[in-house]
Structure formats: C-alpha cells, structure tokens
Amino acid sequence: MNKFKTFGLGIIISFFIVLSANAGSIKIGTEGAYPPWNSKDAAGNLNGFEVDLAKALCEIMKHNCTIVEQDWDGMIPALTSKKFDAIMAGMSITSERLKTINFSQGYADEVASLAVMKGSSIENINTPEGINLNIGGSDVDKALKTLTSSLSGKTVCTQIGTIHQNFLESGDVGKINLKTYKTQDEVNLDLTNGRCDVALAAAVAFTDYAEKSGKAVVLTGPTFSGGAFGNGVGVGIRKGDSKLLNEFNAAIDKARDDGIISKLAIKWFGFDASM
Amino acid sequence: MMSIFPNLLNGAVITLQLLVVSMFFGLIIGLIFAILRVNKNPIINKFAYGYSYFFRGTPLLVQLYLIYYGLANIELLRNSLFWVIIKEPYWCAIIAFSLNTGAYTSEILRSAFQTIKKGYVEAAQSLGVTKKITFYRIQLPIAIKQSLPAYGNEIILMLKGTSLASVITIMDLMGEARKVNVLTFKPFEAFVTAGIIYLFITFIIHNIIRYLEKKYGFQT
C-alpha cells in the first residue's frame, strides 16, 4: 500500500513540475525539414531562419519559448488542438488557411520555382524571369500557356498541403501527373532519382539542396508569386488568441525596424527576403 | 463527412489491390521458403532462415524506404531494365509487402509442418508411399489447413501494413485520408472515416477466414 502511495505522489509531483515548466512560456511549432527556412543540424538540433527569428521575437516579447518539431501535414491541426501556440514553418498566408487559423503580418517572402535535373528537356522554358499571379495580364497568361505545354505529360512532384500543391491543382498549368510527398527531402530525392521530371517548391529549397548535396538540380521557368502562392510567410496563431497575435505583430514590427529580420534573412537565404 | 467518402473509397480500392496482389506473391514466396526451411541441407536451411530473420526483424517501413529510395539511389540499377519496375511506387510497395508477408507466411507454414504428428508420415511410409508423395499429398495439405487461423491474422496485419504505402506517394486509403486532412485541416473526420473503412475490410476478411476454417479446418 505504501508503495502505491509513493508512486501516486510521484505522479502528482511530476505533473505539477510539467505544469509549472509550461507556465508563462509559449511553444512554437516548426517542421525542421525545409531548409533554409527551418531544418536540423547533424546533431538533431533545430536551426534555420525561422528558428533564429523565433528566438529573436521571443526575446522582444519577453516570453520564454520552446520550439517544437511537427510534421508538416499535421501542422495546423496540431496548432488548433493546442499542441503549441504558434506556427513558424515557412507557412504562407493564404485565404484557405485563414479559414482555420489567423496569421500575423508577414515577416518574409520568397518566390517559388520549378526545378529539374541538368540536361532535362525542359531545362530552358521560354518565359519571363518572374510572374506575379496577383497582377495577371497577357504576359502572365502567355507564360502559363508556355508552362502548360512544357509540363504536359510530365510527372510533377511537390510537398503535400503546400501552396505549391494548390497551384499545381488549380488548373493554371493544365493537367499534369502530380505526385505529393510528406517532406521536401523526399521530393528532392525522387527528383534526383528520376522518378520526378520536375518539382515545385520555394526556390531556395532547391538551391540549398543543390549546394549541400552537390546534385545537378537547376531552376527552370519563371519564379512565381501572388495568387495561389499567398501573401508572404507569417506566424500562424489560433483564432481567438488575439493577445498573442498582437504581441507577435508588435515584435515583428520591432524586429523589422531594428534590421534583425533582414540580417537573419541574409544569413540564411543569401539575400534579403524580409518583408 | 459524406463528401469525403467517395475519395476514401477510391483509396480503399487501391488498398485492397495492394493487399490481394502482395498476399498472392507472399503466399508463393512463403510456400517456397517454408519448404526450404524444413529441408535437411544446412545451407538451404540457413539461407531460408536468414531471409525470414531479416524481414521479420526489421520494420516494414524501413524495408519500404530501402526498396523505394535505397534501390533508386544505385545508378547501375537506375540504368537497367529493373528501373521500369523500381520507378513505380506501386511495384516498390508490392515488392516490399510481398517479401515481408512471405517471411511471416514461411514461418507460419514451417511451424505447421513441425507440429504434424509423426504417425501420419509413418503410416504413409509403412504403406510404401514415396517420400515425395508423402510430402505433397499428406504433409503439405495438413500444414496449410493447420495454419489457416494464423494466416488469417497475417492477412489482417498486412492490411494494416499497406497503410504505409502512403509514405511513398501511393494514394491508398491512408493516402486519401491524409489528403483530406491537409485540405480541410480536420484530422478527426478524415482518420475516423478511414479507420471505419479499415475495420469493415477487417470484418470481411475475418469472416471469410472463419468460414474457411469451419469448412476446411483441420480437426484433430
């Protein structure tokens, strides 16, 4: 009987320890698999642009933060079920996501691009350097038409539940053979293996991979922004959690004015992706 | 909830396909290896044991990744005829599942072989039946009948194993459920519906096996 009492007491005490450790702190969810936005080093520690930025924002907000890892396809459900309080995972602000969660103002923006292996038949697609789907116009229409014919019959790979998937399914580039993967790592693997003819993701996700792996992955076609690609990357926060939302907005203002976001963007992306 | 149902049913068809095809190949592989396992030659015996040891000792997910991403990384293989098969996620899944269930099936059959009463074999021998005929006409049928209940379990385990196919881009039941989840951000609806469909398939398999057991099961 005595053993049971000690055991029970132990459980209650550890419960309180867990509770008190969480008091006054916020948890931020990230994927840890989308370099250079967020990733992991060889020892398994989270790093990347958003991990550094999260630490900087928490310092400004004077919050004690823990950054936790979460698979991409469960990111929004994990937020709404209170596994953590904010998302910083290269998540673009889109109208679809705004139906379920709120976003802070954008802190960074970065274009998407198609990528192929060097020597591919669509290594050179004759389009403008970049197209903005918000602006539209005949140039954009012409570019989409060129893309439609270039991509026709090709296997196009992308990560599941992303703006890139939304764009590929929107019909803007016609009917393609779409394959979706759990992580960008797997997209990169199958692109180099030759299972994918072409892949779509953030342009830096490909350039970062090409640089680190030494594989001949090259960007092709125009860079994309606007439309299905959303309006920059912001902090995802539960609906109704307006206090935290305001705190993040103020902290992003301060970090931008102090040049922290620009500095971190140049460190991780090699160019100023702040907004 | 009703609107996601047709999508999930499409996925369930793929799941059933994966299950039936890999159980078919798995049964053939299992039979061959069970026969090799009871062979007296130590080299053949050890080889069959090694196969079942490896595939039962490593997670199915590891085997799936090994075949899908691992083999695709070997340039020699990418430039060979095999690439036609390895390139397709569907065939990679079939290979992984067949080899996995084959290993378990061989063990189920082996243990059934070894529990066959000596009396049956001796009776056949005393009647002058050759060893070969004794094996194919007496030992093998008894072993198959005896392993029915365990094999039924293996089919159900494999049904659940096929849900791993979604990690290599196959849109099976689990894959469709995950797609619904990322589109609607409602994991509960998506996965509960998928779970119910899996349960229903299990229910049917379970009843078929029970029927077969009653009709053909080995009574001692």
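**Exercise 1.** State how many salt bridges link chain B and chain A in this predicted model, and describe the one formed by B:K179.

*Solution.* Step 1: the count between chain B and chain A is two salt bridges. Step 2: B:K179 pairs with A:E169, and their closest N and O atoms are 3.9 Å apart. Step 3: the cut-off for a salt bridge is 4 Å, so the 3.9 Å of this pair falls within it.

**Exercise 2.** Describe the side of chain B that touches chain A by element and by residue class.

*Solution.* Step 1: helices α3 (60–70), α5 (83–86), α6 (89–114) and α10 (173–184) of chain B each give two or more residues to this side. Step 2: by class, the side holds 13 nonpolar, three polar and four charged residues. Step 3: the contact takes 20 residues from chain B and 21 residues from chain A.

**Exercise 3.** Find the area buried between the two chains and the residues of chain B that lose the most.

*Solution.* Step 1: about 1800 Å² is buried between chain B and chain A, with carbon and sulfur atoms giving 55%. Step 2: in chain B, the residues losing the most area to chain A are B:Y69, B:V182 and B:F185, together 35% of what that side buries.

**Exercise 4.** Explain why strand β1 (residues 25–30) of chain A is largely enclosed, and list strands paired with it.

*Solution.* Step 1: five of the six residues of β1(A) are buried, so the rest of the structure largely encloses this strand. Step 2: β1(A) runs parallel to β4(A) (residues 64–69), joined by six bridges; A:T30 stands opposite A:E69 there. Step 3: two bridges join β1(A) to β5(A) (residues 86–87), also parallel, with A:G29 opposite A:I87.

Methods
Residues are numbered from 1 along each chain as its sequence is written. Chains are lettered from A and ligands numbered from 1 in the order in which they are written. This is a predicted model: local features need pLDDT of at least 70, side-chain atom pairs count only at pLDDT 80 or more; totals for chains, interfaces and linings use all residues. Side-chain values use heavy atoms; hydrogens and water are left out. Buried means under 20% relative accessible area, exposed over 50%, partly exposed in between (1.4 Å probe, protein chains only). Helices (H or I, at least four residues) and strands (E, at least two) are DSSP runs, numbered from the N terminus. Two strands pair if DSSP finds at least two bridges between them. Contact means heavy atoms within 4.5 Å. Buried area is the accessible area (1.4 Å probe) that two parts lose on being put together, summed over both. A salt bridge is a side-chain nitrogen of Lys or Arg within 4 Å of a carboxyl oxygen of Asp or Glu. Ala, Val, Leu, Ile, Met, Phe, Trp, Tyr, Cys and Pro count as nonpolar, Asp, Glu, Lys and Arg as charged, and the others, Gly among them, as polar.
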